[in-house]
Each structure stands twice: as structure tokens, then as C-alpha cells.
Amino acid sequence: MRMRKKSYILIFLIGFLSIALVACASEPNDVDDADEGNPDGQTTQGGDLIIAKQSDVVSLDPAASNDTPSSDVQRNIFETLVTQDENMENQPLLAESWEQIDDTTWVFKLREGITFHDGSDFNAEAVKANIDRTLDPEVGSPRAIMYNMITEVEVIDNYIVQFKTAYPFAPLPAHLAHPGGVMISKEQIEEDYAAMENGENPGTVISANPQGTGPFVYDEWQPGQFVRLLKNEDYWGEPAVLDSVTFKVVAEDLTRIAELETGDADITNPLSPSDVSQIEATDGISVQRQESSALSYLGFNMAKEPFDDARVRKAISMAIDKEQIIEGIYDGIGIPAKGPIAPNVFGYSEEVTGLDYNVEAAKDLLAEAGFEDGFSTTIWTNDDRQRIDTATNIQAQLREIGITAEVEILEWGAMLEQTANGEHDMFVFGWTTVTGDADNGLYPLLHSDNLGNAGNRTFTEDEELDELLDQARQTVDPNERLELYRQVQELLVEIAPMVYIHHQEYLMGVNEDVNGLTQMPTQLLNLKDVYMKQ
């Protein structure tokens with residue numbers, strides 16, 4: 001029976017792979033040589049691009065992290081089957097085409113002739129090893145939720161792989177474009193499992209010397225200082241122009257700007273909105289802007305009193321003037337958020353009204369909940385200037401309704417770990433919908449299956465919400481999905497698990513010699529085509 005099944009699929013593939021596939025975008029154009037794409041005729045060079053970053057990576061093993069600083073480095077070492085362009089449209093990468101052959105079956109045709117940095121072959125076996133590893137409970141990946149609808153990965157032949165899902169799941173290609181879907185050398189995965197058998201933590205081998213297929217290869221990581229990548233001379237596609245990229249950890253905003261001004265860094269990422277004018281007034285550097293699919297928010301720990309009471313959560317939401325934060329801290333950059341989904345994400349609903357700013361109504365709700373005189377609490381944030389300023393602003397606004405909040409600042413890694421463990425009261429944080437689909441912006445963040453490290457740091461547990469989120473991810477019809485996500489966002493107004501502050505605009509300071517740089521709405525940088533002008 002197995003042979004007949006494979007034969008059927010192979011015969012079917014011969015037909016559908018010879019024509020343009022319904023579910024697959026066109027092949028990406030070959031990147032022109034950097035000199036040919038340089039309109040001013042100036043010569044280009046390799047050199048070392050230095051990016052001054054606010055935070056260090058958590059891990060170089062994609063299965064051991066779920067944060068932007070880690071993903072920004074990893075995506076240059078590793079690649080995914082599917083990628084997304086600047087409009088968040090799916091495009092081929094390691095997979096040259098794909099097809100959904102029934103409600104729960106997807107077939108991907110892989111590119112041939114690609115090798116990992118360690119010289120091993122990229123093929124269907126490697127794809128299966130990666131997805132199986134991400135879903136392995138022994139590995140405990142926080143990104144398993146991105147792929148937990150996959151019930152089976154079957155190798156059809158060396159370059160054809162089939163995915164079976166437990167239910168119809170339309171966003172699967174977008175999920176395979178997520179940083180959690182990158183491909184690691186199968187040989188290194190096996191080495192990592194061997195190390196686990198000898199008592200090592202999952203990812204120890206991979207994080208120490210990651211082996212992908214990307215345009216850059218790993219060189220060195222000095223924790224707390226920098227990660228350096230080198231040009232992959234044997235890259236399967238058009239090679240990178242740069243000789244190396246260094247992600248340099250510079251925690252202080254003003255220090256990053258100083259390094260940009262002195263030439264010790266070529267990019268400062270992120271750039272504070274309050275520093276835009278300084279950059280714009282300085283010769284030789286400029287501000288680069290990108291609309292985002294991100295949300296900044298104040299989250300409640302709903303597993304703790306008094307935040308287990310929706311009246312308290314709503315009161316705090318209504319006591320916070322978002323415009324005050326956006327104008328005063330972000331210099332008007334970004335748009336107020338009515339819910340967790342940004343307008344450029346599939347599933348956003350214009351019909352959702354949100355909770356309006358109303359201090360008197362907030363006081364009434366607090367009194368109704370038994371806190372007429374307020375209470376004392378804490379607000380956690382990591383060492384990001386805007387988040388610290390936001391927490392301090394919220395602290396001041398909450399005094400108006402009798403709540404005394406102490407602001408505590410944590411290092412990035414500690415913030416991730418301790419909020420995942422539920423040790424917080426309230427916290428200022430962010431979430432990026434990496435796939436451009438509401439499933440990624442809602443399911444990890446709010447479904448009760450994902451409490452803690454997987455994304456649900458508010459510890460939201462609501463049966464009706466879970467049911468709607470499950471329905472939405474199992475529905476194929478896009479209009480039905482939109483209606484379900486509208487219902488989800490309306491319900492979230494009542495649950496009030498967080499205060500939705502704003503959808504930000506990403507800002508970077510960039511040296512004028514840096515060319516070909518783009519940033520995705522997910523905040524991740526595209527570095528392969530970057531070149532330096534001489």
C-alpha cells in the first residue's frame with residue numbers, strides 16, 4: 001500500500017511540477033551583481049558590516065529561542081523552505097514549489113544541489129529531521145507551537161517531502177517561512193541528540209557551531225559582546241557581497257548612536273524615536289524606517305490576584321492614555337492599537353472598538369472590584385529605553401486611580417525566563433506577527449495551550465477564546481477566518497488580558513556607505529544583498 005501511495009504522488013507531481021503551481025509564487029529573480037546594481041557607478045566592496053544591537057542572542061539554536069535578536073542572526077546562517085518578501089507574500093527559497101493536494105496534505109519540491117555549511121546534503125531527510133526535532137518534547141522548543149498541526153513528515157524521494165496536518169491549515173507555507181522553520185544540518189541534529197544522551201542540554205552542539213545553508217557561516221560568538229558571521233563562499237545562490245557581518249551588543253541607545261557617528265558601527269538597531277532628529281542632523285548617516293506587524297503592550301499576569309479579575313484589568317486599560325505614550329515617548333511614531341493585530345496583518349478587523357480612555361470609569365470599576373483605595377504592584381520591563389519610559393509613564397498614570405506601581409528593569413534573558421515562569425505582576429513587552437497571519441499573532445500569545453515560554457505570558461485561559469482560535473486555524477475559507485478573528489478581537493475587549501499600546505514603526509540609524517539594506521515588517525534585516533560603497 002505504501003508503494004502504491006508513493007507512486008500515485010510521484011505521478012501526480014510530474015504533472016503539477018511542470019506548470020505554475022497554484023499555491024506557489026514565481027521564482028525570485030536572480031540578484032544582479034552589486035556593481036551592476038549600483039546606479040551611481042561607485043565601486044562596491046566587501047568589508048565587515050558592524051550592526052550595533054541592543055540585545056545579545058539567547059541561543060544560536062533556532063529551536064531554543066523565540067526572540068528577535070536571536071532570529072536576526074540565525075536567519076543569515078540558516079534558511080527556510082519558504083521565504084516572504086517585503087509585502088509578506090510567500091516566495092520559494094529552499095523549496096522551489098509546493099502544492100496542497102487535499103485539505104490536510106501538502107507536497108513540497110525541494111531545490112537540488114544544496115549543501116549545508118558542514119558539507120552534508122540538504123534533502124527531504126533533512127527537512128523531516130528538522131521538523132521532527134522542533135516537535136520533539138525532549139527538545140522542548142518554544143517554537144513547536146508553530147508546527148504542532150503537523151502530524152507526519154514523509155520523505156517521498158530525495159527532493160520531495162510531504163506534510164500531513166491534523167486539520168486543514170491554510171497558513172502552513174507562511175509558518176514554514178517563520179524563523180522557527182529554518183533548516184539545520186541533519187548530521188548536526190544527530191550530533192546534538194548524541195550529546196543529549198550524554199547529559200547535555202538540547203541545542204548545546206548546534207548553538208556552539210550552527211550549520212545551515214545560508215549566505216553567511218558562523219565564525220564566533222562572545223556572549224554579551226558580539227556574534228560574527230563570514231561570507232559563505234560556497235553559497236548555492238548568488239553569494240553575499242559582504243565579507244563579514246558583526247552583530248555587536250551595545251545596550252545603551254546613546255552609545256550606539258555615538259558608535260554610528262564615529263564609524264565604529266555602520267547600523268544602530270533599534271533607533272529611539274527621540275534620537276531621530278540627532279541622526280537626521282548628522283552628515284553621513286540617515287534614518288531608515290519600516291512599518292511593522294508588531295504590537296507593544298502592557299501585559300497582566302492573569303494567574304495572580306488582583307489581575308485574575310477582568311474589572312481590574314479593564315480599569316487599568318481605561319486609565320492609560322495611549323496617545324500620551326505614543327506622542328511623548330515615541331514622538332508620534334506608530335499608530336494606537338485597538339487590539340493585538342496590526343492593520344497590515346491578515347485577520348485585522350476595523351470593527352473592533354477597544355476600551356476607551358476614561359479615568360472616572362476606571363475608578364468605578366476598581367471600586368466595584370473591591371479596590372476603591374487602589375493597591376500596590378510592580379511593572380517589569382527589559383533594558384529598552386522606550387519600554388522603560390513607557391513603564392514609567394504608566395506608573396504615573398496609574399497613580400490617578402490609586403494604584404502604586406514599582407518599575408523593575410530586567411536584563412533581556414532574565415525578562416524572558418521570569419515572565420515565562422509567571423513571576424511577574426504586569427510587564428511591558430512586545431510581539432511581532434512574523435507570518436503576517438493572525439494565527440501567529442493570536443494563537444501563541446493567547447491560547448491556553450501556550451502558557452509561558454511559548455508566548456502566552458499573560459497566562460490567559462478562556463475556553464471560548466480557545467475554541468475560536470482553534471476554529472480559525474482549522475478553517476480554509478479566508479472570509480470565514482476573517483469573521484472568526486473579528487469575534488476573537490471583540491472577545492479580547494471583554495477579557496482584557498493586556499493593554500494594547502501601539503503598532504510601532506521600526507527605526508534604524510544607517511551609515512551612508514551601507515547600500516542594499518532592507519528591513520522586514522517583522523523587524524528582521526535582509527543582509528545578503530548589502531554592499532558598502534567605496
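**Exercise 1. What is the handedness of the crossing of α10 and α12?**

Solution. The model is predicted: local features need pLDDT of at least 70, side-chain atom pairs count only at pLDDT 80 or more, and totals for chains, interfaces and linings use all residues. Residues are numbered from 1 along each chain as its sequence is written, and side-chain values use heavy atoms, with hydrogens and water left out.

Step 1. Identify the elements. Helices (H or I, at least four residues) and strands (E, at least two) are DSSP runs, numbered from the N terminus.

Step 2. Set up the geometry. Two packed helices are described by the angle between their axes and the distance between the axes. Axes are lines fitted to C-alpha atoms, for helices over the stretch in contact, and angles run from 0 to 180 degrees between N-to-C directions. For α10 and α12 the angle is about 140°, and the axes are 10 Å apart.

Step 3. Classify the angle. Angles under 35 degrees count as roughly parallel, over 145 as roughly antiparallel, 65 to 115 as roughly perpendicular and the rest as oblique. The two helices α10 and α12 are therefore oblique to each other.

Step 4. Assign the hand. A crossing is left-handed if the near helix is turned anticlockwise from the far one by less than a right angle, and right-handed if clockwise. The crossing of α10 and α12 is right-handed.

Step 5. List the contacts (heavy atoms within 4.5 Å). From α10 come Gln 324, Ile 325 and Ile 329; they meet Gln 386, Asp 389, Thr 390, Asn 393, Ile 394 and Gln 397 in α12.

**Exercise 2. Trace the pairing of strand β6 and state how its residues are placed.**

Solution. Step 1. Strand β5 (residues 95–102) and strand β6 (residues 105–110) run antiparallel and are joined by six bridges. A hairpin connects β5 to β6 through two residues. Ala 95 is opposite Leu 110, and Trp 98 has Phe 108 as its bridge partner.

Step 1. Five bridges join β6 to strand β8 (residues 160–165), again with antiparallel direction. Thr 105 is opposite Lys 164 in β8.

Step 2. Buried means under 20% relative accessible area, exposed over 50%, partly exposed in between (1.4 Å probe, protein chains only). Thr 105, Val 107 and Lys 109 point one way from β6, Trp 106, Phe 108 and Leu 110 point the other way, and all are buried. Six of the six residues of β6 are buried, so this strand is largely enclosed by the rest of the structure.

**Exercise 3. Which residues have the most contacts inside the largest nonpolar core?**

Solution. Step 1. A nonpolar core is a set of buried Ala, Val, Leu, Ile, Met, Phe, Trp, Tyr and Cys residues joined through side-chain atoms within 4.5 Å. The largest has 32 residues, and those with the most contacts inside it are Tyr 297, Leu 442, Leu 446, Leu 465, Val 488 and Leu 492.

Step 1. At least two residues each come from β14, α13 (412–420), β18, α14 (438–446), α15 (463–473), α16 (478–495) and β19. Helix α16 gives the most, six residues.

Technical notes
Pairing = 2+ DSSP bridges.
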